[in-house]
Amino acid sequence: MLLQVSNITKSYGVNVVLSNISLQVQERERVGLVGVNGAGKSTLLKIIAGEMSADSGAIHKAKETKIGYLAQNSGLQSNRTIEAEMRAVFSHLLEAEQELRELEIKISDPALHADEKKYADILERYSKRSDWFREQGGFEINTRINSVLHGMGFGDFPPDTLIATLSGGQKTRLALARILLQAPDLLMLDEPTNYLDIETLTWLESYLRGYSGAILVVSHDRYFLDALAQTIIEIERHTSKRYTGNYSRYMELKAAEYEINLKQFEKQQDEISRMEQFVQRNLVRASTTKRAQSRRKTLDKMERLDKPMGDLKKAHFSFEIERSTGKDVLAVEDISVTFDGHDKPIFRNVSFQLTRGETVALIGPNGIGKSTLLKVIVGQNEPSSGTIRFGTHVKIGYYDQEQTRLNGQNTVLEEVWGNYPHMEEARIRTVLGNFLFSGEDVLKRVSSLSGGEKARVSLAKLMLAQANVLILDEPTNHLDLYSKEVLEAALLDYDGTLLFISHDRYFLNKMAERIIELKPTGTEHFLGNYDEMIEKKMEIEEERLEKLSKQLTAGSKAGTNSDNIPATSYEANKQAKRDERTRQRKIEQLEQEIANLEQQIEQLELQLTDPAIFNDYIRIQEIQASIETFKSSLAAAYEEWEQLM
């Protein structure tokens with residue numbers, strides 16, 4: 001057991017946040033921590049990490065257990081470059097490497113050989129430090145850094161990029177990259193999937209599944225929890241409960257548990273009712289008084305079950321429309337967008353259509369321009385070229401993920417009522433109540449709201465708009481698991497047309513009927529949801545490889561003749577594929593060469609500790625020269641590998 005949390009309690013004034021929370025984390029266990037926004041998940045992680053004190057309770061961890069904690073949206077603040085910051089993680093190894101280099105210089109010095117004891121001591125020190133350096137992964141530092149940076153989306157960034165010049169989302173991703181390189185025994189992550197695109201999410205899942213330590217993660221990403229978690233700990237009504245399995249299994253177990261408890265409660269209530277009726281009927285009869293008294297004693301001694309509390313109060317809403325659009329809703333033709341001061345467009349040749357009642361997802365990596373495209377469609381930005389045409393009777397409702405259309409100075413009531421002044425206050429308050437803003441909550445300033453609360457205010461305004469076309473930019477961001485399910489239910493019942501951006505693969509699977517993948521040179525279209533798109537991509541890749549194999553086989557048999565394929569395009573395509581195969585082969589060769597060079601360096605350094613050559617300073621100098629030669633080759637191989645990657 002790495003960690004044991006026992007009876008942790010935390011309150012802010014009279015408001016209880018956590019009450020007698022207990023949990024355990026075993027070695028290599030993957031634990032998902034779930035609950036509604038405000039349940040106390042982040043507070044619990046801060047208490048475990050030592051950044052906050054509990055009112056009562058205890059935390060025990062195994063001796064020498066290293067805990068790494070990454071808070072939600074905690075961007076990396078540093079004046080260093082990306083490379084320097086990542087290498088700083090391995091400062092203890094870099095110091096050891098520097099010491100080894102200094103020891104090598106001493107060992108090769110003929111003057112030292114005259115003092116046998118000092119010479120032997122240095123050789124022994126070198127041997128021990130070299131073994132420790134190898135065991136701690138000293139020879140894999142560059143490989144690990146390059147792998148993690150590439151996976152977290154920094155593969156194309158120059159190593160000397162200053163961290164201070166990065167965006168907030170990039171700093172958050174870099175903070176995650178750094179803590180992955182630190183590789184603590186227990187990795188605690190609070191919403192690590194924020195700001196990650198689908199490609200990076202997929203890489204992170206794969207990396208964490210193979211992680212050597214234990215993981216305790218707070219997340220509202222259901223797809224991520226299904227792929228990673230072996231255990232779910234739910235915090236609800238200030239207490240915790242443990243469920244074995246991933247998120248989907250937890251939902252099944254929780255529902256089944258509620259049904260069982262409800263049946264047991266109802267059964268006991270029926271039994272109590274029958275016994276009470278028997279007592280009332282028979283207590284005054286002489287012949288049955290003793291039996292009635294016995295039943296009454298049984299009732300008094302009975303341990304009565306509490307009625308299961310069921311789900312927490314959820315937001316409740318639906319999207320309605322005033323009138324339907326025509327069949328053709330939207331036509332986007334050859335749109336390109338170029339930012340001021342840039343010659344190259346961020347995307348071009350973007351074309352697609354929407355018809356009435358469709359639910360279409362827009363996906364693509366971070367920075368590709370998805371949000372920009374939506375702003376062009378709703379008229380907030382101008383395209384560099386291309387046209388946008390709407391059909392008849394189109395009324396757009398737009399959800400901005402940055403919540404820039406909210407006025408922080410307004411109260412919640414003013415923010416919504418100001419958009420719909422013709423409505424009665426009672427109607428506005430009722431709507432806000434459906435979005436969990438009741439009583440004094442409606443008088444809170446928008447600027448003081450959490451991300452999830454701001455999202456609910458925006459959704460309340462959107463619901464009242466009665467738009468027949470909804471354009472949503474990351475609508476599930478900041479929403480907890482329960483609110484996401486409510487939003488999904490409302491959108492599934494929506495009669496209008498829906499175009500949305502999302503990195504939430506669970507949401508994409510549930511909602512999308514068609515997916516548009518945005519690329520710098522245009523769009524690619526897929527029928528179906530996210531999993532069906534992935535399956536289709538795999539089929540296309542398999543067909544491409546099979547076709548390529550057949551073409552190569554036919555080409556080798558027929559020489560240069562190819563009647564069915566135009567010579568120019570065939571040769572160009574063939575050359576492109578040949579270049580890609582060459583690149584992949586070169587990468588594999590370089591990775592093998594890097595491994596061989598690191599092994600040769602290690603073997604040569606071990607030779608320096610061999611007593612047989614202690615007094616042969618000429619041989620030692622030869623070994624030193626070989627080590628330096630191999631290190632130069634290793635640096636060159638790494639540089640070429642990075643360029644190819």
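Guide: Start with valine 5, whose bridge partner in strand 2 is leucine 23. Further along, serine 11 has valine 16 as its bridge partner in strand 2. Before going on, know that this is a predicted model, where local features need pLDDT of at least 70 and side-chain atom pairs count only at pLDDT 80 or more, while totals for chains, interfaces and linings use all residues. Residues are numbered from 1 along each chain as its sequence is written, and side-chain values use heavy atoms, with hydrogens and water left out.

Strands here are DSSP runs of E with at least two residues, helices are runs of H or I with at least four, and both are numbered from the N terminus. Two strands count as paired if DSSP finds at least two bridges between them. In the hairpin of strand 1 and strand 2 there are two residues between the strands, and glycine 13 takes a positive phi near 65°.

Now step back to the sheet around this hairpin. Three strands form an open, antiparallel sheet in the order 2-1-4. Strand 2 (15–25) and strand 4 (56–61) are its edge strands, each pairing on one side only. On average, neighbouring strands of this sheet are turned by 20° against each other, direction ignored. Lying across strand 1, strand 2 and strand 4 is helix 1 (residues 41–49), which runs at about 120° to strand 1. For such angles, axes are lines fitted to C-alpha atoms, for helices over the stretch in contact, and the angle runs from 0 to 180 degrees between N-to-C directions. Contact means heavy atoms within 4.5 Å.

Strand 10 (residues 328–337) pairs with strand 13 over five bridges, and serine 336 stands opposite serine 385 in strand 13.

What about helices against each other? Helix 5 (residues 141–151) and helix 7 (residues 198–209) have axes that come within 9 Å and cross at roughly 140°. That makes helix 5 oblique to helix 7; angles under 35 degrees count as roughly parallel, over 145 as roughly antiparallel, 65 to 115 as roughly perpendicular, and the rest as oblique. Ser147, Val148 and Gly151 in helix 5 meet Thr200, Trp203 and Tyr207 in helix 7.

Helix 2 (82–88), helix 3 (91–107), helix 5, helix 18 (567–607) and helix 19 (617–644) each give at least two residues to the lining of the second largest pocket. A pocket is an open set of points on a 1 Å grid over the protein atoms alone, with protein on both sides within 12 Å along at least five of seven lines, and lining residues have an atom within 4 Å of a point. This pocket has a volume of about 800 Å³, the volume being the space filled by probe spheres set on the points, which are joined across faces, edges and corners. Of its 32 lining residues, Glu83, Asn142, Asn146, Tyr638 and Glu642 lie nearest the centre. Helix 19 supplies the largest share of the lining, seven residues.

Technical notes. 1 Å grid on protein atoms, 1.4 Å probe; cavity = no way out; pocket = protein on both sides within 12 Å on 5 of 7 lines; lining within 4 Å.
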